[in-house]
Amino acid sequence: MGKITILGAGIIGLATATVLSETDPSHTITIVARDLPGDAPSQAWASPWACAGWVALGGSPSEEAMQLAALDYLRNTLVADHPESETGVRSVTLTDVFGTIPASAGASRGVGVWFTGRVPGYEVLSSQGDDGPLKVRYGSAVINPDVFLGWIRKQLEARGVRFERVAEIKALGDLKGRGHDVLVNASGLASRTLEDVKDEAVIMDRTYVTVVKGHFDGAFVHRGEGVYTYMFGRGDGTVVVGGVSEPVSGSVKNAAEIHQDMFRRAHEYLPEHFPSPKPEHYEVVKDLVGIRPLRPAGVRAEREELDGQKVVHAYGTTIGGYIHSFGLAKEAARLVTESL
Ligand SMILES: Cc1cc2nc3c(=O)[nH]c(=O)nc-3n(C[C@H](O)[C@H](O)[C@H](O)COP(=O)(O)OP(=O)(O)OC[C@H]3O[C@@H](n4cnc5c(N)ncnc54)[C@H](O)[C@@H]3O)c2cc1C
């Protein structure tokens, strides 16, 4: 039993609170954050903007394990135990296409890509040589944050987890006086600027997504040289089309430019569902522009003692907070337990 404060109410803070409260219901857990599920959309945090599809990203062995654990939790706990209409989480079949397979995807290990045989229903649809092109299919999950974030907050509150809005904090040390045993730092982008963290490996990008009416019900990803395109069916008559990201330094692109690019790619890769490359042939429901916290150096799941405060860091999920979600949360919960 411990008194735990979690800084951050994005997917990582929420998932960590979920795993901690499942592991030991006697923990006293408080989530403190500037932005909370239920707030109007804001660029200040990432989680409300995600699409969010699970894709086998890879990385270090521990990141791979986190991603697989997250997929397992999404499909075998959330989808298995709760209706999609309540959670906004659904199991889907993902078609994952590599133009060429980068070394980081594991081709050099002689086993195909790193997730060969490690994701449900893995099947090779076509393959050419060791390093691509490769087209595979496997069981994945798609999460609709508009539904999911509110649902998981309610689940946590029902278990006694408290949510508290705080003004923007400047350092983890600002929270020391709360009297917790352990502080979990799940603050995403803030780890770059918090005075006692200042992790310069954390960077950000701007990402564009278009939600369009359509009946594509599965999930599709195309990984090309520096170009990543995805279509995720949301099961409600809409499809998310994404794949434009850029540094935040330039000005925001206009919707017409984004639509040209998105629908050209959607048509190229899924012509049966996107029969035209022209934007005027589609009914756009909304355009989303969000800021993603990235950490190319990899996920940080680590214990640290900061000025007498026991801290567990849980951030830096490269492009996929939802992809790592419950897997990073499991690791963070393990580190919390070790710290108590
Ligand atoms: C358009 C778009 C599409 C995406 N698609 C996908 C996808 O398909 N799959 C996927 O896995 N990921 C996707 N992502 C990425 C995903 O959204 C992020 O990786 C994830 O949301 C990061 O979650 P987080 O909990 O680490 O941080 P955040 O969601 O940013 O949450 C940070 C929390 O910390 C709080 N906080 C931060 N700083 C402070 C401070 N100084 N004081 C007090 N509180 C603070 C915030 O208020 C917030 O509660 C997408 C992102 C975007 C923008």
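## The loop between β7 and β8

In this predicted model, Lys 198 is found in the loop between β7 and β8. Lys 198 is not a glycine, yet its phi is positive, at about 40°. Because Lys 198 has 11 C-beta neighbours inside 10 Å, it counts as exposed.

Glu 200 belongs to the loop that runs between β7 (182–185) and β8 (203–213). Glu 200 has 8 C-beta neighbours inside 10 Å and therefore counts as exposed. The C-alpha atoms of Glu 200 and Val 299 lie 13 Å apart in space, while 99 residues separate the two in sequence.

## Other backbone features

Thr 318 is a further residue other than glycine with a positive phi, here near 35°. Thr 318 sits in the loop between β14 and α6.

The peptide bond joining Cys 51 and Ala 52 is cis, with omega at about -15°. Ala 52 is part of the loop between β2 and α2 (61–81).

## Domains and their contact

The domain assignment divides the protein chain into domain 1 (3–52 + 144–202 + 295–339) and domain 2 (207–294). Their C-alpha centres, those of domain 1 and domain 2, are 29 Å apart. The contact between them involves 12 residues of domain 1 and 11 residues of domain 2. On the side of domain 1 that touches domain 2, the residues comprise 7 nonpolar, 4 polar and 1 charged.

## The shell around the ligand

There are 37 residues around the ligand, and those that come nearest are Gly 10, Gly 188, Ala 190, Gly 290 and Gly 321. Two or more residues of the shell are given by each of α1 (11–23), β8, β12 (284–294) and α6 (321–339). The most comes from β12, which gives 4 residues.

Sorted by class, the shell around the ligand contains 21 nonpolar, 12 polar and 4 charged residues. Both domain 1 and domain 2 take part, with at least three residues from each.

## Helix α1

Helix α1, one of the elements giving residues to the ligand shell, has 13 residues. From its first C-alpha to its last, α1 reaches 18 Å, close to the 18 Å expected at 1.5 Å a residue.

Of the 13 residues of α1, 11 are buried, so the helix is largely enclosed by the rest of the structure. The buried residues of α1 include Ile 11, Ile 12, Leu 14, Thr 16, Val 19 and Leu 20. Among the elements that cover the buried residues of α1 are β1 (3–7), β2 (28–33), α4 (145–158), β7, β14 (309–315) and α6.

## The largest nonpolar core

The largest nonpolar core has 95 residues. Within this core, Leu 74, Val 184, Met 231, Ala 314, Ala 332 and Val 336 have the most contacts. Helix α6 supplies the largest share, 9 residues. The core draws at least three residues from each of domain 1 and domain 2.

Which residues does Val 184 touch, not counting residues up to four places away in sequence? They are Ile 4, Ile 6, Leu 7, Thr 16, Val 312, Ala 314, Ala 332 and Val 336. Of these, Thr 16 is a buried residue of α1, whereas Ala 314, Ala 332 and Val 336 are named with Val 184 among the core residues with the most contacts.

How values were computed: Residues are numbered from 1 along each chain as its sequence is written. This is a predicted model: local features need pLDDT of at least 70, side-chain atom pairs count only at pLDDT 80 or more; totals for chains, interfaces and linings use all residues. A residue is buried if 20 or more other C-beta atoms lie within 10 Å of its own, exposed if 12 or fewer, and partly exposed in between; C-beta atoms are placed from the backbone. A residue is near a molecule or strand if its C-beta atom, placed from the backbone, lies within 6 Å of it. Ala, Val, Leu, Ile, Met, Phe, Trp, Tyr, Cys and Pro count as nonpolar, Asp, Glu, Lys and Arg as charged, and the others, Gly among them, as polar. Domain bounds come from an automatic or database domain assignment. The expected span of a helix is 1.5 Å times one less than its number of residues. Two residues are in contact if their C-beta atoms, placed from the backbone, lie within 7 Å. A nonpolar core is a set of buried Ala, Val, Leu, Ile, Met, Phe, Trp, Tyr and Cys residues joined through C-beta atoms within 7 Å.
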